Every structure is written in C-alpha cells, then in structure tokens.
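Q: Please take a close look at one part of this structure and describe it in a connected way, giving the cut-offs behind each term.

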Amino acid sequence: MDQSFDCWLQNRVDLLKNKGLYRTLHTMNSSPGPEVNVNGENKIVFSSNNYLGLANDNRVKNAASQVAHEFGVGSSGSRLTTGNTKWHARLEERIAQFKQTEAALLFSNGYLANIGVLSSLPEEGDVILSDAFNHASIIDGCRLSKARTIVYKHVDLIDLEQKLMETQKADRRFIVTDGVFSMDGDIAPLDSIMQLAKKYSAYVIVDDAHGTGILGEFGRGTCEYLQVKPDVMIGTLSKAVGTEGGFVAGSKELIDFLINQSRTFIFQTSLPPSVCAASCQSLEVIVQGKQLRNALVTNIWAVTEGLTKIGYRMKGTNTPIIPLIIGDSYKAVKFSQMLHEKGIFAPAIRPPTVPKGESRIRITVTAEHTIEEINQLVDACELIGNELSVIR
Ligand code: PMP
C-alpha cells in the first residue's frame, strides 16, 4: 500500500467533487417550520417532510414531554427484552386502527421497517418485483433478501405484467412499491397493481412513507385514497406525522411473524416511550385533520400553478413533493445556491438518490406555508430559471 488511509479516502471524496456529487451538512438552529434558521441565517424551507407542521405542534410536544418525565428519555432495551412499554403497545393499536388492519408493529424508523420486512418475508425461491424508483431502503431490503429481485420500469404496468408472466415458476411473487414516490411525488397505480397481483397470485407490499397523513379522507394514505388493501403496509412516522419511527401494518399473522423473524425489529433498541406518545397524539390530530389537508392541497396547487405559469413543465402530482428537474448536477447545485441567496432553503438532489441526468430541486410544500412565501419561491424560481436557462 503506497497510500495512507486518509489520502485514499480524500481521493474518493475528490472524485465525488469532480462529478458535482459532493455533499455537506447544514445545521438547523430552530424548530421545524416554514421559516428556519439554517447555518445562522433565516430561510424559508421548501424541502422538509413536515408536511402538516406537526413536528412542532404544541399538543404533540406536550404529549412527548409528559411521557418523557414519567418514563425517561430512552427505552433502554429492545422490545423483546426491557424496551416494551404501554406506549409502544398503545401506538401499535393506534396505527392498526388508523391503517384499518388487524395489527401493527413499530420499528425504529421507516428505513429499518423496509429492511426488516424485505429481508425476512420473501424466501429463497421467491421473486420480488420492485419498482425502479423505489426508495433506497426497499432496494437495500431486497439486497438482503434470499429471494431474487427483478426491477420493473417505474409505474409501468405492462412491464410489471410481463415480468409476472415470466416468473410463474417462482415459489411466490412479491410486488413492492412506494405509495408516493419520494423524489417524483407521483402516486403508484395501486388499484391496477392489486388487480395484476390477484391475476398472477402475487403478494403486494406498499411503503407509504409519503402518503401517510396526506392522502385519503382521513389521511390514512395512498391505500385509502385508491381504496385498496395490500398484504403489507409499511410507513414512517417521520414525515407528515412529524415524529420518528417506522411501522408495518397488516394481519395478526404478519405481525407475529415479524416479531419472531425480522432482525431489524429483534435486534434494535425500541423507540423512546415519549416519542410513541407524541405519535399517538399526532395520529389523533391527523384523523381529524381535514382542514390541515385542505390547506396543504391549496398550497400544492399554488406552487404547481405558479411554476407552470412561469414556464416550468410540472408533473402535477397532487402530493407535497414537487420536483423541479434540472438535469445536470452542477446546475442543480447552482440553482439551490441561488435559491439560498434569495432566502429559500431547498437542497439539490443528485445521483444516486435520483437517476443520472435527472438532478433536481425537490420542492416540498407544507400546510403551514403562506401564499407570500409561495410567491417568493415562484419569483425566485423564475429569476434563477431564466438565468440558468432552465426555463425554456
Ligand atoms: N421510504 C421512503 C419512501 C422514504 O422516502 C423514506 C425517508 N426518506 C423512508 C422510507 C425511510 O423512512 P425513515 O426516515 O423513517 O427512516
């Protein structure tokens, strides 16, 4: 070895810099909300997943602090040892009610829920059919599974059916998809996917990280919105719910199986009880949160319409995730820097998070943004888009 350890790593980081893929951390110095102090400067945030503003809701914060005083700040063990409290059980009951399933199981976060399900449920001899734009945690879960993974083209039902026809000899087939895709904001055609699954006797797993709290009359998510009941519903509490934690909802048999076989459930310290109490309270707000969801929809339309009017070609996703596709990574970073100079925080999203040549600003809007803040975003995007020749 003629290179020091640090020199070797520096070269690897330099390679990322040369490709416009270098990343740095930003420090948030105030509570989550539309206006946040980022690295010492006040910015309007158009990139958070706190879609309903519940991460800083007084009712939710009070629930957390009360239980923190009663139960302490850490759970001190895994669920199967000393880390199980009435708040874990209560939240699981609440999630099952919310998702209208028999049972639910908590994980430390959505990432580990996806890994826990996909690494344990499909067995050797099975096939997982996975949408090309699925979240990294689904991809990693598939990598850990003993089943074979086949990727189908993004929301392409013809390709999915073709792959279902080609895999009839597999022991079992599992179709896995995001409910709302995290970088594009589009909604998976779950109704058609369920029909295909029925036709070819496949099981369906849906990760509804971004639909939960947002879509459907009661905010139960994409499955409520499209009136479907997949075999496994995965989700996170870290986005619209505003807290922390992942979950799986489904039959009692599914949950019993995961308690016994899912390694990310078995070998993880459980969530702090205070966080579970906060989530219980937040779900209460969500079920009764029609007004919050209406405010969010109004803001989604205001951003989409505003950007369309000034010449951006928008997908019109109906979700708070509104991608501004820039293409080139350097240009996306430049766009984000220019937004920053105009008082707006929305980092560039680059490969491997999105495909090569599709770097973007992933704008997210929340129920809390005001029309003045949205207008400021649109005006900034017009100026920058023209200067960088992004608007054609
Ligand atoms: N699934 C999707 C679709 C996501 O976007 C994310 C978060 N980025 C996760 C899972 C992981 O959830 P968590 O942040 O709770 O780990």
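**The sheet and a helix pair**

A: Three strands form an open sheet in the order β1-β2-β11, with mixed pairing, where a strand is a DSSP run of E with at least two residues, a helix is a run of H or I with at least four, both numbered from the N terminus, and two strands pair if DSSP finds at least two bridges between them. Because β1 (35-38) and β11 (344-345) stand at the edges with a single partner strand each, one side of each has no neighbour in the sheet. The model is predicted, so local features need pLDDT of at least 70 and side-chain atom pairs count only at pLDDT 80 or more, while totals for chains, interfaces and linings use all residues. Residue numbers run from 1 along each chain as its sequence is written.

Four bridges join β1 to β2 (residues 41-45) in the antiparallel sense, and valine 36 has lysine 43 in β2 as its bridge partner.

Turning to the helices, the axes of α12 (residues 290-309) and α14 (residues 371-387) come within 10 Å and cross at roughly 25°, with axes fitted to C-alpha atoms over the stretch in contact and angles running from 0 to 180 degrees between N-to-C directions. That makes α12 roughly parallel to α14, since angles under 35 degrees count as roughly parallel, over 145 as roughly antiparallel, 65 to 115 as roughly perpendicular and the rest as oblique. Asn299, Ala302, Val303, Gly306 and Leu307 of α12 meet Ile371, Ile374, Leu377, Val378 and Cys381 of α14, contact being C-beta atoms, placed from the backbone, within 7 Å.

Notes: Contact = placed C-beta atoms within 7 Å.
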